[in-house]
Amino acid sequence: MAAPVEVGTTIEDFALPDETGTTRSLTELLADGPVVLFFYPAALSPGCTAEACHFRDLAAEFAAAGARPVGISGDSVERQQEFSGKHTLGMPLLSDTDGAVRELFGVKRGFSLAPTKRATFVIAKDRTVLEVVRSELRMNTHADRALAARRGTVALRRADGRRTEIALTACPVLGPDGATTGYVLTADPPFQADPSLAGQAFQQASMSMSVFDLHQRYLRSNDAACHALGVPEEALLGRFYPDTVEEAPHSEGFLRHLRQVAETGRPVRYESFTGAPNLNREHAWSIEMWPLRDPAGELTAVALAAFDSTEQHLARLRLALLNEAATSVGTTLDVVRTAEELVELLVPRYADFASVDLLDWVLGADEPPPVPEGDIALRRVAHGSGTEGTPEAAVRLGDAEVHPAASPPARALRERRAVVAQAGEPEFHRWVDERNAISPAGRPYRAGVHSVIAVPLQARGVLLGAVVGVRIRHPDAYVIDDTVFAEELASRAAVCIDNARRFARERSTALALQHSLLPRGLPQAAVEVAHRYLPCGSQAGIGGDWFDVIPLSGSRVGLVVGDVVGHGIRSSATMGRLRTAVRTLADVDLPPDELLTHLDDLITHLAADGFGEEVAELGATCLYAVYDPVSRRLSLAAAGHPAPAVVLPGGAAELIPMTAGPPLGVGGLPFEATELELPEGSVVALYTDGLVEDRDRDLDRATEEMCRALSASADCLEDLTDYVLKAVMPERPADDVALLLARTRALGADRVATWDVPPDPAAVAHFRQAAVERLTDWGLDEEAFVTELVVSELVTNAIRYGDPPIQLRLIRDRALICEVSDGSSTSPHLRRAHAFDEGGRGLLLVAQLTLRWGSRQAGSGKTIWAEQPLPEGPLPIARE
């Protein structure tokens, strides 16, 4: 609102439409001399004759003084036209609907029309203010005031000297020219309360009741209405409703409904939330207005009853807040975010400041300890207020605070109920003083705090922490209904926080279990490997993806990748069992298709015994590949798993054409192995479906993107692995992602020695000597003695018990490997020879002298192998 205009002020020119719709500027109005501007309230009743008479009187009075009167209000042009069309006013009425001119003159909206309280400005031709009238007109008698106001109460003196008050009504008498020539005064008897039972019921009703005439002037008001307005009934009678209230949307709505009933004759019922002059806060009102008619059916007045429904309104608000909490609190399985959502719900509708503090064990993986009897330490996880930056907070986020035993949060946790503290209570002021001592900078923002509530957060019988609400600007203190609501809301929020806590603990447990089951160091001579495992970020939890690199006999290596469908500890445990089973079967040197067949049978048997139901229900896929660096051949088979990709040196990545068998646990269907020869430096990519599958993108397109990414040049496999994940992986993967890259190496002729052995025992000595000579060439003279014994024993057994063809092979890798192959499929068995047995000691001697030994089946025979450790020092690796 602009400052009030004073005498001598020069007014800026303005232009407003009059009742005919013609725009009139101030300069135009001043063309014939001074102008008197008077402001009156909006929403004049078109049928008000008294107001029309008053306008004519003003016009005649100012015209006689040589000034032109002009009326200004917030009424629309249509409303002004309707009013002036029924009466000859003698002056223009300007429409200031947006209030710009009233703002210019500093006139409060809703200023009274009554001459006893009007705003009048006399403007000279140079737009200078000559006179300002804002207060009551100077009148000499009570009767003069009543005459000017058309209705009022005047005091008279009787002949005996006694004073009496009567209600006086003035009706103007118009002359032939339409000007007021006098008034007819009507004196009503002094106001007395209606002594009838109906009158007493009206007067003493607990709800506010009033009666208005058809021009929205007070006729009656009961005690409740007068109490709400803070004035006696006598001060209201005869007054226009807008003159008794401040200009506000709710007042305009009230007046609009009064007019609606007066014009239509139909009752109206509506609700409003507003204050009253004599009430300390805003109230909710259920208002009903209905028409009053005389015996002839003519509309005479409008009655209303306003029921104070504040308690019901607040109860509905609390219920709505609870309903909102069901959808807005606990949207994520994150403890801190859930606490923040609770604070956002409470501020500012329920509290001016709110905080959530949790016990330390909730944020970790510990079990809940008993609540101490004395002081309690809580850690702040969320707070908020209506002030930016939350300066009311005395504790920073993430910090811990020790609450004294008598403080509201500590009491709430011990008593397991909501605790309310109000201004005036010693504990309340002690708690506020502690806040100010901890954070003096926030003291000005805590000024005015008058009520605090602390509610325990408990779920499933376990205490998690406390939520605190503080009211500073909110006028109402916390009451019993607020505690009931707060406890219900806190219990719901506590369940969400506990769910988030349980999820975080289960996720961390599953992640730790899965990482413990994944391989750590993967040194291999046959391949160079790089791998990545990324758990999904969804609420479903850790999945069952895994990979492994298994060293096999003959410098071969097994590459494994698998996926157990599902998430959580159950999937991780199942993944661990499958990984162990694959390693066990791989140690037997089974080919890929046979290994998957045995693995499928194992899962079927476990399911039959009740131990593998989760695998059968969830499903599992697996891809197993074996690479031989000597022959440079890759043999692989899949059980429902995506085919791997291969990148040949200087070429582009392609998927390996293969037949993927059924997922593990189906049973009864065969698995088909695929074999291909790879040049040195080829890159084989094994992955799980989480890398390429996503509900929002096409699988074939994602696979093409992966192949393009694999074809990119990179200095090392680690860089290539990161590049593939960045280029292919979804932004928010819904499943775990496992990626294993293996670059093949080869063992050349300088690292492998092979001899064909005739089935003649006499030839054993020759091959012993050949093996010793090769070791000398390799610089492994120290291993010659043991190697000579191993070659002698294995070759002799092959000649004696095996079938041709027989072959001897020495491989120098990370260990010295001796292999003897023959055409028989009979595997040798280690046994302990008795004292007088002539044989049976050869394999026992081999097992004791070597690092390890074993046998593996081939398509046409078997191979017996033994490994010896090489001397300490840099181990040779396959050439690239």
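Visitor: Before we start, what counts as a strand pair here?
Guide: Two strands pair if DSSP finds at least two bridges between them. Strands are DSSP runs of E with at least two residues, helices are runs of H or I with at least four, and both are numbered from the N terminus. This is a predicted model, where local features need pLDDT of at least 70, side-chain atom pairs need 80 or more, and totals for chains, interfaces and linings use all residues. Residues count from 1 along each chain as its sequence is written, and side-chain values use heavy atoms, without hydrogens or water.

Visitor: OK, in what order do the six strands of the open sheet run?
Guide: The order is 18-17-16-21-20-19, with antiparallel pairing. Strand 18 (400-403) and strand 19 (419-422) are at the edges with a single partner strand each, so one side of each has no neighbour in the sheet. From one strand to the next, the twist averages 30°; angles run from 0 to 180 degrees between N-to-C directions of axes fitted to C-alpha atoms, for helices over the stretch in contact.

Visitor: How many bridges link strand 19 and strand 20?
Guide: Four, and strand 20 covers residues 451-459. Valine 419 sits opposite alanine 454 of strand 20.

Visitor: Switching topic: is asparagine 436 buried or exposed?
Guide: Buried, at 7% relative accessible area. Buried is under 20%, exposed over 50%, and partly exposed in between, using a 1.4 Å probe and protein chains only. Asparagine 436 belongs to helix 12 (residues 426-438).

Visitor: And which residues is asparagine 436 in contact with, leaving aside neighbours within four places in sequence?
Guide: Arg443 and Arg446, where contact means heavy atoms within 4.5 Å.
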